[in-house]
Amino acid sequence: MFYYLDGTVAHVEPYLTVIDCGGVGYACRTTGTTISQLKVGKPGKLYTYLNVGEDVFDLYGFATQGELGSFKQLIGVSGVGPKAALAILSSCTPQNLAMAIITGDEKTLTVAPGIGKKIAQRIILELKDKVAKEQNDVGLPLGGAVAAEKSKAVEAAQALAVLGYSQQDISAALRGIDVENLPLEEIVRQSLKRMVK
């Protein structure tokens with residue numbers, strides 16, 4: 001229904017910001033990461049997700065499409081609601097979340113308030129499987145010795161897919177990066193820089 005809101009930041013409080021668009025104030029639930037990038041009275045643009053339920057009509061807003069993509073991935077996990085997803089994304093960036101999921105790092109997830117070990121394990125299990133299914137479309141070789149050489153590229157592609165980027169964008173971003181010699185985090189960082197431009 002709403003793809004993004006582009007207006008003036010009218011109000012900010014923990015986990016909530018109001019964007020004034022043409023005289024209408026849209027209250028968006030959001031993360032601490034997004035709030036840290038907004039200033040009252042200054043222009044603000046948020047990519048949005050509308051959560052509609054029986055007794056719910058909440059608008060969520062994020063400074064980047066990557067953060068929105070991570071939010072959608074998280075609320076797709078059974079037992080993880082919007083509040084838990086905001087808590088996770090307030091305690092770690094989408095990039096760190098992606099790395100935690102790919103590497104099975106529960107500690108990064110349990111730093112968020114209200115996120116226990118069981119939920120962290122479920123997030124890792126469910127999202128890692130989804131990313132693995134998409135992996136074949138990334139265009140990276142998966143067989144034999146080539147797969148061993150490209151394993152870091154495959155892991156980087158999985159991390160970027162978790163952030164919500166398309167397989168086509170990921171393939172284009174990874175081309176020309178020295179995947180053999182760079183650490184995984186640097187491969188992801190360089191890919192993200194290319195996609196943001």
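Predicted model: local features only at pLDDT ≥ 70, side-chain atom pairs only at ≥ 80, totals over all residues.
Visitor: Which residues of H2 make the contact with H3?
Guide: Let's take the partner side first: H3 brings Pro 82, Ala 85, Leu 86, Ile 88 and Leu 89. By class, the contact has 8 nonpolar, 1 polar and 1 charged residues. On the H2 side, the residues are Glu 67, Ser 70, Phe 71, Leu 74 and Ile 75.

Visitor: How many residues apart are Asp 58 and Arg 29?
Guide: These two form a salt bridge, with the closest N and O atoms 3.5 Å apart. Asp 58 sits in strand S5 (residues 57-62) and Arg 29 in strand S3 (residues 24-29), so the pair links distant parts of the chain. Along that chain, they are 29 residues apart.

Visitor: Which helix holds both Arg 189 and Glu 186?
Guide: Their side chains meet in a salt bridge, 2.7 Å from N to O. The two are 3 residues apart, so about one helical turn separates them. The helix is H10.

Visitor: Is Arg 189 buried, partly exposed or exposed?
Guide: Buried means under 20% and exposed means over 50%. Arg 189 has 44% relative accessibility, so it counts as partly exposed.

Definitions and conventions
Residues numbered from 1 in each chain as written. Heavy atoms only, no water. Contact = heavy atoms within 4.5 Å. Helix = DSSP H or I, 4+ residues; strand = E, 2+ residues; numbered from the N terminus. Nonpolar A, V, L, I, M, F, W, Y, C, P; charged D, E, K, R; others polar. Salt bridge = Lys/Arg side-chain N within 4 Å of Asp/Glu carboxyl O. Buried < 20%, exposed > 50% of the residue type's maximum accessible area, 1.4 Å probe, protein only.
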